[in-house]
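Colleague: Please take me through one part of this model, the sheet and what surrounds it. Go step by step, as I am new to this.

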Amino acid sequence: MDGNGRWAKRRGLPRTEGHKAGVDAFERVCECAADLGVPYLTFYAFSTENWRRSPEEVSAIMELFRRQLREGERRQAENEEKRWRIRYIGDLEEGGPVPDDILALLRDMEEKSSFREETVVSIAVNYGGQQEILRAARRLAALVQKGQLAPEDISERDIEDGLYTAGQPMPDLIIRPSGELRLSNFLLWQSAYAELWFSDILWPDFTERDLDRALEDFALRQRRFGDIEA
């Protein structure tokens, strides 16, 4: 979900206003995807590299997380229906950089939405694709060290079981807004055969029609997964 800061700057607003507008775009896309029957969505909300931003911006983003999570709790209390199940992926261990009160709110939101299965929405927080692969490799190294796994027996499935997205299908389509032409450490293992769709649209301006355009373009592509063209 890229381009929030630039969106705000072009309007003479603080960067935090761009992040707030980005949350609105997130809600729009989730609703639209649920209407279309998309079973899985994964959003890149906060990367391991985003901690390098100014303390003021990081603090504002964390406070936005708190507000949105508490708003989600309020909606639950009022029985407001949502059709998607929330999951959070990334390095979310206690004692890490993500504040403990936010970790508690994340877990609470996951639990309260766990009964929904129509669309599973994964939100990547304190996430990095390289770090995710490193984590999976260390897990396998520990099993080898204990004699529970032989190096020659390690399979792709073993690595995938150690990823944050274990149990989910590999992504078919990755959408990158804001004019950047890179993955920025997002789902590096999982994106091996994903189709990529780039757009100059800044994330807060991303609409249901833009999602339709991306899916329409995806539907016209031939996916051969390394095989020859039919």
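Modeller: One definition comes before the details: two strands pair if DSSP finds at least two bridges between them. Keep in mind that this is a predicted model. Strands of a sheet pair through backbone hydrogen bonds, either parallel or antiparallel.

Now the sheet itself. Three strands make up an open sheet, and their order is β1-β3-β2. The pairing is parallel. β1 (40-47) and β2 (84-89) stand at the edges. Each has a single partner strand, so one side of each is left without a neighbour in the sheet. On average, neighbouring strands here are turned by 20° against each other, direction ignored.

Look next at one pair. β1 pairs with strand β3 (residues 119-127) in the parallel sense, over seven bridges. Within this pair, Thr42 stands opposite Ser122 in β3.

A helix joins the picture. Helix α2 (residues 15-36) packs on the sheet. Helix α2 touches β1, β2 and β3. Its direction makes about 165° with that of β1.

β2, α4 (100-112), β3 and α5 (129-145) each supply at least two residues of its lining. The lining has 19 residues. Nearest the centre of this pocket lie Gly90, Asp91, Leu92, Glu93 and Tyr164. By class, the lining has eight nonpolar, five polar and six charged residues.

Terms used:
Residues numbered from 1 in each chain as written. Predicted model: local features only at pLDDT ≥ 70, side-chain atom pairs only at ≥ 80, totals over all residues. Heavy atoms only, no water. Helix = DSSP H or I, 4+ residues; strand = E, 2+ residues; numbered from the N terminus. Axes fitted to C-alpha atoms, helices over the stretch in contact; angles between N-to-C directions. Contact = heavy atoms within 4.5 Å. 1 Å grid on protein atoms, 1.4 Å probe; cavity = no way out; pocket = protein on both sides within 12 Å on 5 of 7 lines; lining within 4 Å. Nonpolar A, V, L, I, M, F, W, Y, C, P; charged D, E, K, R; others polar.
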